[in-house]
Amino acid sequence: MNVEKKIHRDAILMDATCPLADYENYWKNWIRGGATVIAPTVNRPPELMYDTMRRLGKWFEKLRKNFDRLMLIERVSDIFEAKKQGKLGLIFHLQGTMPIEMNINHIEIYYRLGVRMIQLTYNVRDFVGDGCQERTDSGLSDFGIEVIEEMNRLGIVVDCAHTGHQTTLEAIKVSDKPVIISHGNAFAVCENSRNLPDKIIKAIAQKGGVIGINGFPGFVAKKKRPTLDDLINHVDYIAQRVGIDHVSLGIDYFEGQAGVAQDDAAVALYEGLVEAGVWDPKDYPPPPWVYPKGIEMPERLPNLTAGLIRRGYSEEEVKKVLGLNLIRVFNEVWV
């Protein structure tokens with residue numbers, strides 16, 4: 001076995017944003033890619049609580065039927081146990097706070113059902129604050145402050161992916177614990193409002209958080225088919241500014257991407273998201289969405305490990321990016 005394969009095999013690999021895992025049986029692709037833990041998105045913005053509960057119910061059914069391969073992650077020790085048993089760990093992740101429905105008590109319900117990461121907004125304004133596509137960028141609401149305080153109390157990671165700059169900065173200030181960007185790249189490498197300016201990158205790092213590198217092609221490079229090197233350019237940029245300890249993975253494989261959806265289905269999905277005002281065409285290019293060459297699907301994630309090694313990262317640094325940096329955050333947040 002060569003060095004690259006051994007590092008990948010031995011690492012705890014965590015993908016912090018996995019909408020595709022909620023679709024059919026694509027969670028199996030991460031197993032083939034050597035993942036230890038994934039974070040399925042258990043809602044679809046702008047769904048509310050009822051639809052989110054249905055999705056969670058389906059995940060509990062999958063856990064029952066695949067108890068020999070899947071494991072719910074609720075504490076840090078579960079991550080190491082999943083690795084030991086050769087199971088795929090699941091961290092339930094909400095993208096946006098619409099499923100909370102302005103009821104602070106609902107957060108504890110989600111916590112007791114296994115949700116351990118909650119993203120504050122999804123591009124547009126919700127009850128908590130402004131998303132990254134909002135013109136106003138006016139920051140947290142009073143309810144948003146309550147939400148973050150309750151998440152800190154329970155031990156749920158505050159995620160500011162898709163969140164407006166002012167809302168993110170205020171969330172970092174309000175939170176007693178590290179804040180993350182589960183999936184987001186560097187604006188300086190690829191100019192897109194979903195990507196992060198230096199002030200956000202630095203603020204996340206100063207709070208002890210991490211930024212998960214995102215493979216969605218429109219956020220990687222201004223080309224239809226970005227390369228693995230294009231993606232690793234974002235790792236380099238963030239690491240050079242705030243250190244490798246603040247880089248993680250949130251590849252964001254989803255059901256509309258090339259290799260999963262037929263062209264007509266992808267177009268219908270795109271048009272629906274644009275019409276709903278959830279996606280802005282200036283930031284979200286139309287399909288097909290082909291993920292970086294070499295990691296087009298989750299089963300090809302070993303190529304990312306190899307790419308990081310070729311770029312000059314040490315074994316220790318690669319393992320931090322693949323999972324250890326997120327574990328450090330979870331150790332500080334989960335109670």
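Start with helices α7 and α8. In this predicted model, α7 covers residues 165-174 and α8 covers residues 198-206. They pack at an angle of about 15 degrees. Their axes are 10 Å apart. Angles under 35 degrees count as roughly parallel, so α7 is roughly parallel to α8. The crossing of the two is left-handed.

Who touches whom? On the α7 side, look for H165, T168, L169 and I172. On the α8 side, find K199, I200, A203 and I204. Sort the residues of this contact by class, and you get 5 nonpolar, 2 polar and 1 charged.

Next pair: α10 and α12. Helix α12 is residues 302-310. What is the angle between α10 and α12? About 65 degrees, and here the axes are 10 Å apart. This crossing is right-handed. From α10 come L228, L231, I232 and V235. From α12 come N303, L304, G307, L308 and R310. By class, that contact has 6 nonpolar, 2 polar and 1 charged residues.

Is H246 buried or exposed? Its relative accessibility is 13%. Buried means under 20%, so H246 counts as buried.

And its contacts? Set aside the neighbours within four places in sequence.

Technical notes. Residues are numbered from 1 along each chain as its sequence is written. This is a predicted model: local features need pLDDT of at least 70, side-chain atom pairs count only at pLDDT 80 or more; totals for chains, interfaces and linings use all residues. Side-chain values use heavy atoms; hydrogens and water are left out. Buried means under 20% relative accessible area, exposed over 50%, partly exposed in between (1.4 Å probe, protein chains only). Contact means heavy atoms within 4.5 Å. Axes are lines fitted to C-alpha atoms, for helices over the stretch in contact, and angles run from 0 to 180 degrees between N-to-C directions. Helices (H or I, at least four residues) and strands (E, at least two) are DSSP runs, numbered from the N terminus. Angles under 35 degrees count as roughly parallel, over 145 as roughly antiparallel, 65 to 115 as roughly perpendicular and the rest as oblique. A crossing is left-handed if the near helix is turned anticlockwise from the far one by less than a right angle, and right-handed if clockwise. Ala, Val, Leu, Ile, Met, Phe, Trp, Tyr, Cys and Pro count as nonpolar, Asp, Glu, Lys and Arg as charged, and the others, Gly among them, as polar.
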